[in-house]
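Here are my notes on this model, point by point. Have the viewer open while you read them.

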Amino acid sequence: MYFIVLFFASWIWFYKKADNSRIRELYGVMIYTSFLALWTDLIMVHYKLWSYHGLPHSKYLIPLLLDFSVYPVVAYLFTQDAPLAWGGIIKRVVGWTFFSVLLEWVTLITGHIQHHKWWTLGFSLVSDILIYLSIWAIYRLYRPAYIHNQLSKRGNFQP
């Protein structure tokens with residue numbers, strides 16, 4: 001039930017907070033984040049570094065719910081107001097990482113996730129920082145091409 005509530009809450013949050021005029025611009029970030037989440041979940045299932053509890057077939061159903069709900073929504077909302085300067089992005093990464101680790105901690109203490117082997121909340125903190133920085137880097141990488149394409153369509157771009 002916990003993860004189903006998280007699924008619907010993430011999409012309600014998206015509906016209320018997302019700048020819908022930027023869907024085409026930020027769609028790539030959402031796709032990247034879903035694939036990154038699928039890849040990391042495959043690694044985690046294979047090495048059993050953590051497991052989810054609370055739904056039938058939790059081994060696959062919960063990661064898929066998260067991969068196609070929470071993670072793309074977070075990536076979209078993280079990126080839509082992200083500054084282009086390093087100082088601003090570091091502050092943003094720290095804030096979003098704090099929220100992510102807090103949510104994982106709540107999920108841990110409620111028993112909906114369990115860490116195994118050497119995985120800890122500290123490793124989650126480091127990986128969240130790397131994930132947010134990679135989301136920002138991917139966006140920064142393809143943003144100029146998107147802006148160029150938009151200007152070309154409007155006829156405002158002169159090569």
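1. Surface first. The protein has an accessible surface of about 9600 Å², and 71% of that belongs to carbon and sulfur atoms. Accessible areas here come from the Shrake-Rupley method with a 1.4 Å probe, and for residues only the protein chains shown count as cover. Of the 159 residues, 40% are buried, where buried means under 20% relative accessible area, exposed means over 50%, and partly exposed is in between (1.4 Å probe, protein chains only).

2. What you are looking at. This is a predicted model, so local features need pLDDT of at least 70 and side-chain atom pairs count only at pLDDT 80 or more, while totals for chains, interfaces and linings use all residues. Residues are numbered from 1 along each chain as its sequence is written, and side-chain values use heavy atoms, with hydrogens and water left out.

3. Confidence. pLDDT is the predictor's confidence in each residue, from 0 to 100. The protein averages 86, and 87% of the residues score at least 70. Confidence is lowest in helix 3 (residues 58-67), with a mean of 76, and highest in helix 5 (residues 86-109), at 94. Where pLDDT is low, the predicted coordinates should not be read in detail.

4. Layout. The protein has six helices and two strands, in the order α-α-β-α-α-α-β-α from the N terminus. Both kinds of element are DSSP runs numbered from the N terminus: helices are H or I with at least four residues, strands are E with at least two. Taking contacts between residues at least 6 apart in sequence, 74% join residues at least 24 apart; contact means heavy atoms within 4.5 Å.

5. The core. Which residues touch the most other members of the largest nonpolar core? They are Phe-3, Tyr-52, Leu-66, Tyr-76, Phe-78 and Tyr-132, out of 32 residues in that core. Two or more residues each come from helix 1 (2-17), helix 2, strand 1 (50-52), helix 3, helix 4, helix 5 and helix 6 (121-154). Helix 4 gives the most, with seven residues. For the term itself, a nonpolar core is a set of buried Ala, Val, Leu, Ile, Met, Phe, Trp, Tyr and Cys residues joined through side-chain atoms within 4.5 Å.

6. Aromatics. Rings of Phe, Tyr and Trp (its six-membered ring) pair if their centres lie within 6.5 Å; planes under 30 degrees apart count as stacked, over 60 as edge-to-face and the rest as tilted. By this rule there are 16 aromatic pairs. Phe-78 and Trp-96 make an edge-to-face pair, at 5.7 Å centre to centre and 80 degrees between the planes. This pair links distant parts of the chain, with Phe-78 in helix 4 (residues 70-80) and Trp-96 in helix 5, 18 residues apart. Phe-78 is buried at 0% relative accessible area, and Trp-96 also counts as buried, at 16%.

7. More on Phe-78. Leaving aside neighbours within four places in sequence, Phe-78 is in contact with Ile-89, Arg-92, Val-93, Trp-96, Tyr-132, Ile-135 and Trp-136. The buried residues of helix 5 include Ile-89, Arg-92, Val-93 and Trp-96.

8. Helix 5 itself. Helix 5 has 24 residues and spans 34 Å from its first C-alpha to its last, close to the expected 34 Å; the expected span is 1.5 Å times one less than the number of residues. Gly-111, with a positive phi near 85 degrees, follows helix 5.

9. Met-44. Is Met-44 buried or exposed? Met-44 is buried, because its relative accessible area is 10%. Met-44 sits in helix 2 (residues 23-47) and, beyond neighbours within four places in sequence, is in contact with Leu-49, Trp-50 and Trp-119.

10. Two lysines to check. Most residues other than glycine have a negative phi. Lys-48, in the loop between helix 2 and strand 1, has a positive phi of about 50 degrees and is partly exposed at 43% relative accessibility. Lys-117, in the loop between strand 2 (113-115) and helix 6, has a positive phi near 50 degrees and counts as exposed, at 63% relative accessibility.
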